[in-house]
Amino acid sequence: MSQLNLAPLSNFDIGFVAAAVIAIVAFRARSLDFGGALAACVVGTATYGALGLPGAAVLLAFFVTSLGLSRVGKARKRKLLVDVDKTGARDGAQVLANGGIAALCALGALWIDARLAVACAGAFAAATADTWGTEIGTLVRGKPRSILGLRPIATGLSGGITIAGTLAEIVGACFIAAVAMTAHLGAGNFRVASAVAIGGIAGALADSILGASVQSLRWCGQCERATEREPHLCGANTTPLRGVAWFGNDAVNASATIVGAFVAFALAR
Ligand SMILES: [Zn+2]
């Protein structure tokens, strides 16, 4: 008698297949470039593999709403966000900046301390809050002001806040918290949900403060305006204006998810 000796599928197997399918769909829709699709596959496999469905629910809540919102009003945003770096398909560095810390926390929850599941959700809440704030804040118009000093600054530049964008950040963080609680992530109780929501808001706040201070900002002499692009859209090379040269948008986003993870973990204990 022949014997089928199939090992049961692990969460990592299922996570890899599901993440690969979703990454291919997003790649074909040009929401992710090739590196972005690879990175999304890694983040998805780690998150589902370590946390199962609760992790997948939180990851998808971030991923689907962020890519969806970035497609709304694309033409107008492209016109408004002329000085912002990386407005097309997300690349690998962008995906890892938003999801890398969360994926590490998920693996940590499996191998080190189960309570790190809340840190994973806190990191995704920070990434979601920041993305919703930027996308909705840009769509609703309203003149952004710098979070430090409240000077008016160009739409989409890091460190700028609007009332609509700030409200969207809070709603985005609470949305991830609600998904985490509904999907029974960690203890799945209200304490977890509040920790995730506050972590997400703290992360988005850190994002704005870092974006207004240490993030690299450059100057285009030809257009006489501040920009995050090098070279500028006009083709001219730009010169450093403020901040740390290597500390760009991805470094700021990754830092925001670290804050989100840390605050959520500390509050949920
Ligand atoms: Zn220029």
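**Notebook: loops, core, helices and sheet**

I began with Gly186, which I located in the loop between α6 and α7. I note at the outset that this is a predicted model, in which local features need pLDDT of at least 70, side-chain atom pairs count only at pLDDT 80 or more, and totals for chains, interfaces and linings use all residues. Residues are numbered from 1 along each chain as its sequence is written. Helices (H or I, at least four residues) and strands (E, at least two) are DSSP runs, numbered from the N terminus.

In the terms used here, a residue is buried if 20 or more other C-beta atoms lie within 10 Å of its own, exposed if 12 or fewer, and partly exposed in between, with C-beta atoms placed from the backbone.

I then listed its contacts; two residues are in contact if their C-beta atoms, placed from the backbone, lie within 7 Å. Leaving out residues up to four places away in sequence, Gly186 touches Arg115, Ala117, Val118, Val192 and Ala268. I also checked the separation of Gly186 and Ala121: they are 65 residues apart along the chain, and their C-alpha atoms are separated by 9.5 Å.

His184 sits in the loop between α6 and α7. I recorded a positive phi of about 60° for His184, although it is not a glycine. His184 counts as partly exposed, because it has 14 C-beta neighbours inside 10 Å.

**Entry on the nonpolar core**

A nonpolar core is a set of buried Ala, Val, Leu, Ile, Met, Phe, Trp, Tyr and Cys residues joined through C-beta atoms within 7 Å. The largest such core here has 77 residues, of which Val58, Cys120, Ala121, Ile176, Ala180 and Val196 touch the most other members. The elements giving two or more residues to this core are α1 (11-28), α2, α4 (92-111), α5 (116-139), α6 (163-182), α7 (190-212) and α8 (249-268). Which helix gives the most to this core? I found that α2 does, with 16 residues.

Apart from its neighbours within four places in sequence, Val58 is in contact with Ala121, Phe124, Ile176, Val179, Ala180, Ala183 and Leu185.

I examined how α2 and α5 lie: their axes come within 9 Å and cross at roughly 5°. This makes α2 roughly parallel to α5. Axes are lines fitted to C-alpha atoms, for helices over the stretch in contact, and angles run from 0 to 180 degrees between N-to-C directions. Angles under 35 degrees count as roughly parallel, over 145 as roughly antiparallel, 65 to 115 as roughly perpendicular and the rest as oblique. Residues of α2 that meet α5 include Leu51, Val58 and Phe62, and those of α5 that meet α2 include Cys120, Ala121 and Trp132.

Gly36 belongs to helix α2 (residues 34-71). Gly36 counts as buried, because it has 21 C-beta neighbours inside 10 Å. Not counting residues up to four places away in sequence, Gly36 touches Ala89, Arg90, Asp91, Gly92, Gln94 and Val95.

In α4, 14 of its 20 residues are buried, and I noted the helix as mostly covered. α4 bends by about 50° at Gly99; the bend at a residue is the angle between axes fitted to the seven residues ending there and the seven starting there.

**Entry on the sheet**

I traced 3 strands forming an open sheet in the order β4-β3-β5, with antiparallel pairing. β4 (225-227) and β5 (239-242) are the edge strands, each pairing on one side only. Neighbouring strands of this sheet are turned by 45° against each other on average, direction ignored. Two strands pair if DSSP finds at least two bridges between them.

Strand β3 (residues 217-220) is joined to β4 by 3 bridges. Across these strands, Cys220 stands opposite Arg225, and Arg218 has Thr227 as its bridge partner. β3 and β5 also pair over 3 bridges, where Trp219 stands opposite Thr239.

β3 and β4 form a hairpin with 4 residues between them, and Glu224 in the turn has a positive phi of about 55°. Glu224 is exposed, because 7 other C-beta atoms lie within 10 Å. Last, I looked at Pro231 in the loop between β4 and β5. The peptide bond from Glu230 to Pro231 is cis, with omega near -5°.
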